[in-house]
Structures are given as C-alpha cells and as structure tokens.
Amino acid sequence: MTEPVQPGTAALLVVDMQQASVAACADPDALVRAVVVLVNRARLAGVPVIWTRHNSPPELRMGDDSWQIIDELQPAPGDPIVEKSAASAFADTDLHDTLRSLGVGALWVCGVASEAAILATCCSGMERGYHVTLV
C-alpha cells in the first residue's frame with residue numbers, strides 16, 4: 001500500500017493521444033479540439049502537463065508513426081512522458097513517483113479510451129489517494 005497523497009498541486013494527465021488511438025475515435029476532431037483547449041489552459045495556469053503513450057503492438061508499436069503523439073498536441077520540453085503497456089498509467093510505470101516529485105495531489109485526466117485506459121488510470125489514481133477529475 002502506498003502512503004496517502006496530500007492535496008496539493010494539480011496536474012493535467014493527457015492519456016494516449018497517439019496517432020492510431022485518436023484516428024480510431026468516433027469524432028477525433030472534437031476530441032482533439034477539446035484536449036488542445038485543456039492543454040493550453042493548463043499551460044497558461046502553470047499547471048504541469050503529463051503525457052502517456054501506450055505501447056501495444058502491432059497497432060501501437062513503440063517508435064512507429066502510429067505510436068507518436070498527434071501533431072496538434074506536442075509535449076513541451078520538460079513535460080514528463082510516461083511510457084506504458086497496461087491500461088492504467090500507474091501500472092509498472094514511474095507515474096506515481098513523477099507526480100510525487102511535482103507535489104501533485106490532484107489529477108485532471110483527459111485523452112483516449114475512456115472505457116479502458118482512462119477508467120483504469122482514474123481508478124488507480126483514486127486507489128493511491130489522488131483527487132481525480134475526469135475532464
């Protein structure tokens with residue numbers, strides 16, 4: 001069991017906004033517009049933006065073009081990028097340590113695959129004591 005997380009800084013967690021994942025969405029243009037707004041607002045407010053990339057061959061093979069984050073949403077220099085291979089961004093990654101090092105206690109979560117990656121990440125975050133908001 002992990003130590004309880006203290007309320008503190010919020011961070012925006014952008015989940016799996018990769019070429020192949022976004023292309024498979026029912027309305028990719030609306031999704032991209034919404035996430036661009038969220039990222040821009042977070043940056044203007046000085047809120048850390050953390051990204052995940054899912055590695056799941058053959059569709060999302062690390063290094064392939066389809067695995068890359070979409071052109072409209074590029075991480076800024078210094079933005080943490082969490083490489084994952086499970087639905088939850090916390091499973092076998094350094095996400096928890098990254099959040100702790102930034103003093104994050106609240107997560108605002110957005111991105112792709114609400115029924116899988118986002119649900120698993122939100123549940124894992126709450127289990128670890130983060131104050132999670134699904135945007």
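This is a predicted model: local features need pLDDT of at least 70, side-chain atom pairs count only at pLDDT 80 or more; totals for chains, interfaces and linings use all residues.
Show everything that touches it, but leave aside its neighbours within four places in sequence: Leu73 is then in contact with Met17, Val35, Val36, Val39 and Trp51.

Keep that selection on screen, and you are already looking into the largest nonpolar core, which has 17 residues. The members that touch the most others are Val14, Met17, Val35, Val39, Trp51 and Leu73. Which elements give two or more residues to this core? Colour strand S1 (9-15), helix H2 (28-45) and strand S2 (49-54) to see them. H2 gives the most, with five residues.

**Next stop: helix H2**

Select H2 and look along its length. From its first C-alpha to its last, this helix of 18 residues reaches 26 Å, close to the 26 Å expected at 1.5 Å a residue. Now show its buried residues: Leu31, Val32, Val35, Val39 and Ala42. Why do they sit on the same side of H2? They cover an arc of only 95° around the axis, and this puts them on the same side. These buried residues pack against S1, helix H1 (19-23), S2 and S4. Turn to the face pointing away from the buried side, and you will find the exposed residues Asp29, Arg33, Arg41, Leu44 and Ala45. Step past the end of H2 to Gly46, which has a positive phi near 75°.

**Across the sheet**

Five of them form an open sheet in the order S3-S2-S1-S4-S5, with parallel pairing. Which strands lie at the edges? They are strand S3 (81-84) and strand S5 (131-134), each pairing on one side only. Look along the sheet to see its twist, which averages 25° from one strand to the next.

Four bridges link S2 and S3 in the parallel sense, and His54 has Lys84 as its bridge partner in S3. Then show the side chains of S3: Val82 and Lys84 are on its covered face, while Ile81 and Glu83 are on the uncovered one. For comparison with other strands, remember that in a regular strand the side chains alternate between the two faces of the sheet.

Strand S4 (residues 104-111) runs parallel to S5 and is joined to it by four bridges. Select Ala106 and look for its bridge partner in S5, which is His131. Bring back helix H4 (residues 114-127): it lies across S1, S3, S4 and S5, and runs at about 160° to S5.

**Last stop: two aspartates**

Most residues other than glycine have a negative phi. Here are two residues with a positive one. Asp16 has a phi near 55°, and you can find Asp16 in the loop between S1 and H1. Asp92 also has a positive phi, of about 55°; look for Asp92 in the loop between S3 and helix H3 (95-101).

Is Asp16 buried or exposed? With a relative accessible area of 5%, Asp16 is buried, because buried means under 20%. Is Asp92 buried or exposed? At 85% relative accessibility, Asp92 counts as exposed, because exposed means over 50%.

Definitions and conventions
Residues are numbered from 1 along each chain as its sequence is written. Side-chain values use heavy atoms; hydrogens and water are left out. A nonpolar core is a set of buried Ala, Val, Leu, Ile, Met, Phe, Trp, Tyr and Cys residues joined through side-chain atoms within 4.5 Å. Buried means under 20% relative accessible area, exposed over 50%, partly exposed in between (1.4 Å probe, protein chains only). Contact means heavy atoms within 4.5 Å. Two strands pair if DSSP finds at least two bridges between them. Axes are lines fitted to C-alpha atoms, for helices over the stretch in contact, and angles run from 0 to 180 degrees between N-to-C directions. The expected span of a helix is 1.5 Å times one less than its number of residues. The arc is that of the directions from the helix axis to the C-beta atoms.
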